[in-house]
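Please look first at the sequence and the structure shown below, and keep both in view while reading.

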Amino acid sequence: MSETAREKVYSEAEIADRLEKELPKWRYENGWIRRKYKTHSWKSTLMVINTVGHLAEAAWHHPDITASYAWVEVRLMNHAAKGITDKDFELAKKIEDVVQWQPAKEGGALEGTPPTDQRFAYIKYD
């Protein structure tokens, strides 16, 4: 997008509608769309942070991230547009798809982490 083109900034009502339809685990608060991912350990927390970082860098749209031992919160807002734009929704969807991916549910050769062995626990899927 050229620097002179203005991106559509969504109203609070439009944001609420899109989140309900497209990203039901995300919420709008204080000018950000946000989502908290619960993990099983610091190792898992770091893996989520790195995943979000990779996706954000590839998209050239950068979230704010807060983390603790067993959770990561991702917050998105288009700083240049001073509001929520399509960039925020698209990156949120990609983050959601990748972080919540469960290969075992798709079938195929990738079986995913063992659900009954806590030594391999990763994300607390919702």
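Is Arg35 buried or exposed? In this model, which is a predicted one, Arg35 has a relative accessible area of 3%, and because buried means under 20%, Arg35 counts as buried. Its place in the chain is strand E2, which runs over residues 32–38. The side chain of Arg35 makes a polar contact, at 3.1 Å, with the side chain of Glu96, and Glu96 is itself among the buried residues of helix H3. Leaving aside neighbours within four places in sequence, the residues in contact with Arg35 are Lys25, Trp26, Val72, Glu73, Val74, Glu96, Gln100 and Asp126.

In soluble globular proteins, nonpolar side chains tend to be buried together. Here the largest nonpolar core has 24 residues, and those that touch the most other members are Trp26, Ile33, Val74, Phe89 and Ile95. At least two residues of this core come from each of helix H1 (12–22), strand E2, helix H2 (42–59), strand E4 (71–76) and helix H3 (86–99), with H3 giving the most, namely five residues.

Which residues of H2 are buried? They are Ser44, Thr45, Val48, Val52, Leu55 and Ala56, and because these buried residues fall within an arc of 105° when seen down the axis of H2, they line one face of the helix. What covers them includes strand E3 (64–68), strand E4 and helix H3, while on the other side of H2 the residues Lys43, Asn50, His54 and Ala58 are exposed. Glu57 also lies in H2, but with a relative accessibility of 44% it counts as partly exposed. Just after the helix, Trp60 takes a positive phi of about 55°.

With 14 residues, H3 reaches 20 Å from its first C-alpha to its last, which is close to the 20 Å expected at 1.5 Å a residue. The buried residues of H3 are Asp88, Phe89, Leu91, Ala92, Ile95, Glu96 and Val99, and they pack against H1, E2, H2 and E4.

One of these residues, Phe89, leads to a last feature. A pair of aromatic rings is described by the distance of the centres and the angle of the planes. How many aromatic pairs does a search of the whole structure find? The search finds one: the rings of Tyr10 and Phe89 have their centres 5.4 Å apart and their planes at 90°, so the pair is edge-to-face. This pair links distant parts of the chain, since Tyr10 is in the segment before H1 and Phe89 is in helix H3, 79 residues apart. Both Tyr10 and Phe89 are buried.

Methods:
Residues are numbered from 1 along each chain as its sequence is written. This is a predicted model: local features need pLDDT of at least 70, side-chain atom pairs count only at pLDDT 80 or more; totals for chains, interfaces and linings use all residues. Side-chain values use heavy atoms; hydrogens and water are left out. Helices (H or I, at least four residues) and strands (E, at least two) are DSSP runs, numbered from the N terminus. Buried means under 20% relative accessible area, exposed over 50%, partly exposed in between (1.4 Å probe, protein chains only). A polar contact is a pair of N or O atoms within 3.5 Å; within protein, one must be able to donate a hydrogen and the other to accept it, and residues adjacent in sequence count only if both atoms are side-chain atoms. Contact means heavy atoms within 4.5 Å. A nonpolar core is a set of buried Ala, Val, Leu, Ile, Met, Phe, Trp, Tyr and Cys residues joined through side-chain atoms within 4.5 Å. The arc is that of the directions from the helix axis to the C-beta atoms. The expected span of a helix is 1.5 Å times one less than its number of residues. Rings of Phe, Tyr and Trp (its six-membered ring) pair if their centres lie within 6.5 Å; planes under 30 degrees apart count as stacked, over 60 as edge-to-face and the rest as tilted.
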